[in-house]
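Here are my notes on the model. Please read them with the structure open.

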Amino acid sequence: MSYWKNNRVLVTGAGGFIGAHMVEELARLGAYTVGVYLESVSGVFSNQEQVKMVQLDLLDYFKVASLCKDERIGSILHLAALDGNIEFKIKNSARIMDENLRMASNILNAAKQFHIQNVTLMSSAEIYASQVRSPIVEEDDHQKYFHYSENGYVLSKIFTEVLGKLYAKQFQMNVFLPRPTNVYGPGDKFDASTNRVIPSMIQKVLRKDPIEIWGDGSQVRGFIYVKDLVAAILSAMASGKFQVLNIATDESTSILELAKTISRIIGVKPNIRLDTTKPAGLQ
């Protein structure tokens, strides 16, 4: 990880769950990190002299470009995205796709303008179509199985990858596209507006609310601990390899078993409702 020592790194989404862990780890590795956030920042970073937090709208290209120039940025980790729970995604699909693509475009154009060679654009395991084999390999992506959906978040991740690969080829940039599965860990928000399964279930169990699962609960998900995700992304960038990389464990857990496990750890009797009239997923 000596690559990161004294590297000047821009991290977008630094006020969020994954971004905060990324900034903390980069500071620990000796990088000078400029963290961009839109609304608020969670927590206080331990190496404050290594971190500069900047409130900035990534939809404003001139502000993004000015920041890269003024801070002499050498590497970019673009983790910011407009996301939310199922209800938010259904109601805001066009907005999500539009804003996520414009943010990615602004990051890539700033990197091109100021010759920033190494850029990570956070992708997602959600880009894979439902019919792909298990375990999923990187080659089973949208280039082999393109699945149209009205989910603007998924489409934004697919086309951000397409844009990133085209920029990498035309402008000789290193664009990394990590595809994490469901992320969990300390610092996450127990907020119904987020879309992460584990904190949502924990919150319901603590409130003694029923956990409603769409389908029969047999659908499986993979999970990755946030610090392992951060380490994997930073290792990939430092090595210059694995431009496209699935980041997960080799274990999968059914949604029903996850709900039972969380209830058991907290020490309460599982209160689970299965709604087989709805498609498999978690409400």
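How many salt bridges does the count come to? The points below start there. Note that this is a predicted model.

1. **Count.** The total comes to twelve salt bridges.

2. **Glu-71 and Lys-52.** Glu-71 sits in the loop between α2 (61-70) and β4 (75-78), and Lys-52 in strand β3 (residues 51-55), so the pair ties together parts 19 residues apart in sequence. Glu-71 is buried, at 7% relative accessible area. Lys-52 is partly exposed, at 35%.

3. **Asp-141 and Lys-165.** Asp-141 counts as buried, with 4% relative accessibility. Lys-165 is partly exposed, with a relative accessible area of 28%.

4. **Arg-179 and Glu-161.** Arg-179 lies in strand β6 (residues 174-180) and Glu-161 in helix α5, so the pair ties together parts that are 18 residues apart in sequence. Both partners are buried: Arg-179 has a relative accessible area of 1%, and Glu-161 is at 0%.

5. **Network.** Asp-141, Glu-161, Lys-165 and Arg-179 are linked in a network of salt bridges.

6. **Sheet.** Which order do the seven strands take? They form an open sheet, β3-β2-β1-β4-β5-β6-β11, with parallel pairing. β3 and β11 (244-247) stand at the edges with a single partner strand each, so one side of each has no neighbour in the sheet. Neighbouring strands are turned by 20 degrees against each other on average, direction ignored. The edge strand β3 is also the one that carries Lys-52.

7. **β1 and its surroundings.** Strand β1 (residues 8-12) pairs with β4 in the parallel sense, over four bridges. Thr-12 has His-78 in β4 as its bridge partner. Helix α1 (residues 17-28) lies across β1, β2 (32-37), β3 and β4. The helix runs at about 170 degrees to β1.

Terms used: Residues are numbered from 1 along each chain as its sequence is written. This is a predicted model: local features need pLDDT of at least 70, side-chain atom pairs count only at pLDDT 80 or more; totals for chains, interfaces and linings use all residues. Side-chain values use heavy atoms; hydrogens and water are left out. A salt bridge is a side-chain nitrogen of Lys or Arg within 4 Å of a carboxyl oxygen of Asp or Glu. Helices (H or I, at least four residues) and strands (E, at least two) are DSSP runs, numbered from the N terminus. Buried means under 20% relative accessible area, exposed over 50%, partly exposed in between (1.4 Å probe, protein chains only). Two strands pair if DSSP finds at least two bridges between them. Axes are lines fitted to C-alpha atoms, for helices over the stretch in contact, and angles run from 0 to 180 degrees between N-to-C directions. Contact means heavy atoms within 4.5 Å.
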